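Hello,

Here is the structure I promised to pass on. My notes follow below it.

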Amino acid sequence: MYRSDLYHPGSEIADELKSHYQRLHHVPFPGFVAAEFFPELKAEVDRLLEQSRRRDFLMECMDNSPRRMNVVNGHTIERLSTLIPQIYNDQRIIDFLSHVVGEKVLPLTDDIDRYVINQLRKSSDTFGAHYDDYPLSFVLIMESPGIEGGGYAEMVPNGALSDLDVNPIKLPLKAADAYLLKTDTTAHRVAPLKVDVLRTAINLAYTTENFVPRAITESANKLYAEEEA
Ligand SMILES: [Fe+2]
């Protein structure tokens, strides 16, 4: 399913990826999804997107940053997909992520946002500035317009949400790439689309053994609950 030859704890590049993550609180994994498996995963995501819900509102608890996107939440994915929960719980992937993070990575059990699909569809669609309640997000890119079309992740490690307007790290990735992000302390967002084009991602949320949760915000429920809270 994925390039386990590159992305395993003993691989040639594993320690380089680990030190990149330790320094910058994110790391890209180019070509993570194996080319021969990608069409099957893409078809599964497109099938699940038939159940997606439109969101268009400002998230009060995150400085009123916009959410203009389509979402498929964890409960829907659990009901309709075996493939995505299987990837989420794949012990080899979790072991690899644990190596990169330097701590034991653990899946969540029934959170509505433990696995979700997010899709930006038209110009100005965006997943605005925020932090996550959990410390790790592992994102598989399914469709991306590239830097010229917008829809790339932007981040500021240990930054304020407003720092994203100053000089964020930009992460333009392409279909089948993945990235890992330390999401509880990194201000992050998906930049607005500049044209009508699809930017689609599977977001997998994990915690770590020693993570001490802060107060859980209302943001995950507002974005992913069946009816807007
Ligand atoms: Fe996030």
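**The iron site**

The iron ion is held by three donors: H130 (NE2), D132 (OD) and H188 (NE2), at 2.1 to 2.3 Å. Donors are N, O and S atoms within 2.8 Å of the metal (3.2 Å for Na, K and Ca); water is not among the atoms, so sites may look incomplete. Along the chain, the donors of the iron ion follow the spacing H-x1-D-x55-H. D132 lies in the loop between β6 (126-130) and β7 (136-143), while H188 is in strand β11, 56 residues apart. Both D132 and H188 are buried. Buried means under 20% relative accessible area, exposed over 50%, partly exposed in between (1.4 Å probe, protein chains only).

This is a predicted model: local features need pLDDT of at least 70, side-chain atom pairs count only at pLDDT 80 or more, and totals for chains, interfaces and linings use all residues. Residues are numbered from 1 along each chain as its sequence is written, and side-chain values use heavy atoms, with hydrogens and water left out.

**A loop residue**

L198 sits in the loop between β11 (186-190) and β12 (199-208). Helices (H or I, at least four residues) and strands (E, at least two) are DSSP runs, numbered from the N terminus. L198 counts as partly exposed because its relative accessibility is 35%. Not counting residues up to four places away in sequence, L198 touches Q119, L120, R121, E143, S144 and P145. Contact means heavy atoms within 4.5 Å.

**Helix α2**

Which residues of α2 are buried? They are F38, L41, K42, E44, V45, L48 and L49.

Best wishes
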